[in-house]
Amino acid sequence: MIELPFTKYSGMFDDYSFTVEDRFLRYVQVDTQSDPNSTTQPSTEKQKNLSRMLVEELKQMGLQDAILDEWGYVYATIPSNTTKEVPVICFCAHVDTSPDCSGAQVKPIVHRNYDGRKLVLPDDKEVVITTEEHPYLKKKIGEDIITASGTTLLGADDKAGVAVIMDMVNYLLTHPDISHGEVKILFTPDEEIGRGVDKVDLKKLGAKFSYTLDAGERGAFEDETFSADGATVTFYGISAHPGYAKGKLVNAIKVAADFVERLPKNHFSPETTDGREGFVHPVQISGIAEKATVQFIVRDFQTGKLTEYENFLKEKMEETVASFPGSRGEFVVKEQYRNMKEVLDRHPEVSEYAREAIQRAGVSVINMSARGGTDGSRLSFMGLPTPNLFTGEMAFHGKHEYVSVQDMQKSVETIVHLVMVWEEKSQ
Ligand SMILES: [Zn+2]
């Protein structure tokens with residue numbers, strides 16, 4: 001029989017009682033919804049209720065330096081137990097849940113030994129989770145699935161990540177024979193409203209590389225995000241009293257409408273692309289006869305392509321203006337964020353070790369690209385290279401959200417292996 005390269009790691013968790021499920025069930029019952037309309041930091045004070053619990057539990061497990069700061073960040077350190085010089089790595093997850101769906105009084109339900117049936121959620125029988133709409137669920141037959149009860153989201157995004165990291169801490173502290181370098185823990189607020197790293201103190205954190213635990217299906221590994229620009233196209237018309245406007249008025253609203261009409265209908269847009277394709281997407285239009293504005297987001301994995309897309313928009317703008325004599329157009333581009341792969345490619349070991357750890361856990365790596373930005377992409381450009389690892393969280397930001405207990409356990413195994421890989425590869 002040929003021995004598979006990673007089977008020697010398969011017994012490591014045989015006698016371990018995972019704590020990830022219990023933790024998860026407790027954490028999701030704490031309402032931590034963030035609020036995009038708030039100007040405070042964190043955006044909602046209630047997020048600290050969970051963060052305080054986490055600090056308490058980290059201290060109980062033995063991490064004496066665990067603290068919650070005034071901005072809502074939790075920092076903690078697992079001290080090194082090796083004589084090797086291992087780069088300090090960090091594991092990061094966010095405590096807040098999406099403002100798109102209620103996160104108050106979440107009642108988690110564990111569907112043991114899932115058999116493929118439709119999951120009708122008891123508090124609103126209209127909310128039904130099916131394998132037709134959620135094909136990943138088909139792969140989860142025989143596993144234990146956790147859902148909410150029908151009136152709220154579940155909050156697996158990202159309390160699955162939080163619980164996974166907490167269980168990893170528990171494993172390492174109860175298995176002192178496992179050699180590892182210094183490992184940092186970071187729990188952030190307000191990721192869902194795009195402010196997750198606004199007040200993070202990277203000096204205080206003191207990590208060289210980091211991993212967010214906030215990706216979906218088992219084995220998923222994300223080391224790239226979109227590169228993103230915003231583009232604003234402004235049209236100027238000529239206003240005149242409408243009763244006496246013949247031959248004088250040029251209506252900017254009509255110019256803008258004509259411009260939008262010229263955009264391609266079957267490609268180049270979010271509704272017609274997926275995978276690695278980019279797009280241009282009008283997100284807002286406003287105006288009066290004198291002046292009208294169309295705002296775009298421009299997205300692609302290759303930063304260089306953004307300019308191509310922007311040139312295309314500019315051409316369409318010029319064509320439009322040419323067919324409305326007297327009108328004029330203005331084109332402004334603003335950089336939003338960049339593909340974190342540009343940073344991660346300079347530190348290939350960060351992704352290599354993560355892929356190896358996933359395989360040691362007996363899982364096949366699924367390389368994925370995030371069709372959006374993540375806290376990890378911002379951290380990467382702030383100097384902390386941060387790809388994203390799976391936790392099992394699925395169908396997030398709504399009442400159909402679910403997670404498999406066994407996926408969360410595989411995620412715990414993965415990051416335990418990951419700290420071991422970093423130690424083994426160091427001198
Ligand atoms: Zn998330």
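**Reading the sheet and some backbone features**

Colleague: In which loop is P42 found?

Modeller: P42 sits in the loop between α1 (20–27) and α2 (47–61). This is a predicted model. The peptide bond from Q41 to P42 is cis there, with omega near -5 degrees.

Colleague: What is the omega of the bond from D157 to D158?

Modeller: That peptide bond is also cis, with omega near 15 degrees. D158 belongs to helix α3 (residues 156–174).

Colleague: Now the sheet. What is the order of its strands?

Modeller: Two strands pair if DSSP finds at least two bridges between them. Here eight strands form an open sheet with mixed pairing, in the order β1-β2-β8-β3-β9-β16-β10-β15. At the edges are β1 (67–68) and β15 (366–370), each pairing on one side only.

Colleague: In which sense do β10 and β16 pair?

Modeller: Strand β10 (residues 220–225) and strand β16 (residues 388–390) are antiparallel, joined over two bridges. In this pair, E222 stands opposite N388 of β16. Helix α10 (residues 405–424) packs on the sheet, where it touches β3 (89–94), β8 (183–188), β9 (209–215) and β16. The direction of α10 makes about 135 degrees with that of β16.

Colleague: What is the phi of D190, and what is that of A395?

Modeller: Neither residue is a glycine, yet phi is positive in both: about 60 degrees for D190 and about 50 degrees for A395. D190 is in the loop between β8 and α4 (202–205), while A395 is in the loop between β16 and β17 (402–404).

Colleague: Is D190 buried or exposed?

Modeller: Buried means under 20% relative accessible area. D190 has 0%, so it is buried. A395, at 27%, counts as partly exposed.

Key
Residues are numbered from 1 along each chain as its sequence is written. This is a predicted model: local features need pLDDT of at least 70, side-chain atom pairs count only at pLDDT 80 or more; totals for chains, interfaces and linings use all residues. Side-chain values use heavy atoms; hydrogens and water are left out. Helices (H or I, at least four residues) and strands (E, at least two) are DSSP runs, numbered from the N terminus. Contact means heavy atoms within 4.5 Å. Axes are lines fitted to C-alpha atoms, for helices over the stretch in contact, and angles run from 0 to 180 degrees between N-to-C directions. Buried means under 20% relative accessible area, exposed over 50%, partly exposed in between (1.4 Å probe, protein chains only).
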